[in-house]
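Walk through this protein model with me. Keep the sequence and the coordinates side by side as you read.

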Amino acid sequence: MDKENMWGKIRKTVVDGVTIAAEKTEEYSRLGKAKVDVLAVKRKITKKHTELGALMYQAVKEGRIESVMDSDPVRNIIIEMGILDNDLAEKEKVYHDLRSKAEADVETVREKAKSGVEDIKIKAKSKVDRMKRKAASETESAQQEAAPESESHEEAAKS
């Protein structure tokens, strides 16, 4: 019965471990996707900066810097960049929230593992102490049993 209980505990531990691993995999997948989303928006912003820079360069080169600021292409790019900046802020918040949760989970697991190790140390020390006491008791019993025999051998040797 004790072996069945032990195997049941092992099975439960393995199932719990697999479940946690699946949950963590899903969480880290969401974290990775959030990071990719942030990078995608940053790439779009960089592209818009490049477009704006190209328009500005062309305007400076042609001597129409004042008129380019009021042009539709420049206004559209600036509006798009404002939208992208807001989108970036939202995506960065999602990413940082997920990352904070993941870091907190890691700390929780670290604390549980530390606690588990301490429990194992305590149980192991207790078991070792019991084994030492049992061995000492058995040694003492063996010595006591051997003592009468040695006395009878001594008496027989005297006669």
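Asp-129 is partly exposed, at 25% relative accessible area. Lys-125 is exposed, at 53%. A salt bridge here is a side-chain nitrogen of Lys or Arg within 4 Å of a carboxyl oxygen of Asp or Glu. Why do Asp-129 and Lys-125 sit about one helical turn apart? Because they are four residues apart in helix α3. Salt bridges that share partners also join Lys-24, Glu-27 and Lys-101 into one network.

This is a predicted model, in which local features need pLDDT of at least 70, side-chain atom pairs count only at pLDDT 80 or more, and totals for chains, interfaces and linings use all residues. Residues are numbered from 1 along each chain as its sequence is written, and side-chain values use heavy atoms, with hydrogens and water left out.

Now take the fold as a whole. The protein chain has three helices and zero strands. Along the sequence the pattern reads α-α-α. The elements are DSSP runs numbered from the N terminus: helices are H or I with at least four residues, strands are E with at least two. Of the 159 residues in the chain, 12% are buried.

Helix α1 spans residues 2-62. Two salt bridges in this helix repeat the spacing seen above. Arg-30 and Glu-26 pair through their side chains at 2.9 Å, N to O. They are four residues apart in α1, so about one helical turn separates them. Arg-30 is partly exposed, at 40% relative accessibility. Lys-33 and Asp-37 pair at 3.0 Å, N to O. They too are four residues apart in α1, and therefore about one helical turn lies between them. Lys-33 counts as exposed at 52% relative accessibility, while Asp-37 counts as partly exposed at 24%. The salt bridge count comes to 14. Side chains of opposite charge can pair when their charged atoms come close.

Which residues line the largest pocket? They are Ile-20, Glu-23, Lys-24, Asp-105, Thr-108, Val-109 and Lys-112. Helices α1 and α3 (72-158) each give two or more residues to this lining. α3 gives the most, with four. By type, the lining holds two nonpolar residues, one polar and four charged. The pocket contains about 170 Å³ of space. A pocket is an open set of points on a 1 Å grid over the protein atoms alone, where a 1.4 Å probe fits, with protein on both sides within 12 Å along at least five of seven lines; lining residues have an atom within 4 Å of a point.

Turn to the surface. Met-6, Trp-7, Ile-10, Val-14 and Val-18 form a nonpolar patch, with about 510 Å² of accessible area together. Patch residues have over 30% relative accessible area and no salt bridge; nonpolar side chains are joined within 5 Å, like charges within 9 Å. Val-14 lies in α1.

End at Gly-82, in helix α3. Gly-82 is partly exposed, at 31% relative accessibility. Its C-alpha atom is 9.3 Å from that of Ile-45, a residue 37 positions away along the chain.

Key
Areas by Shrake-Rupley, 256 points an atom, 1.4 Å probe, with all protein chains shown as cover. Points joined across faces, edges and corners; volume = space filled by probe spheres on them. Nonpolar A, V, L, I, M, F, W, Y, C, P; charged D, E, K, R; others polar. Buried < 20%, exposed > 50% of the residue type's maximum accessible area, 1.4 Å probe, protein only.
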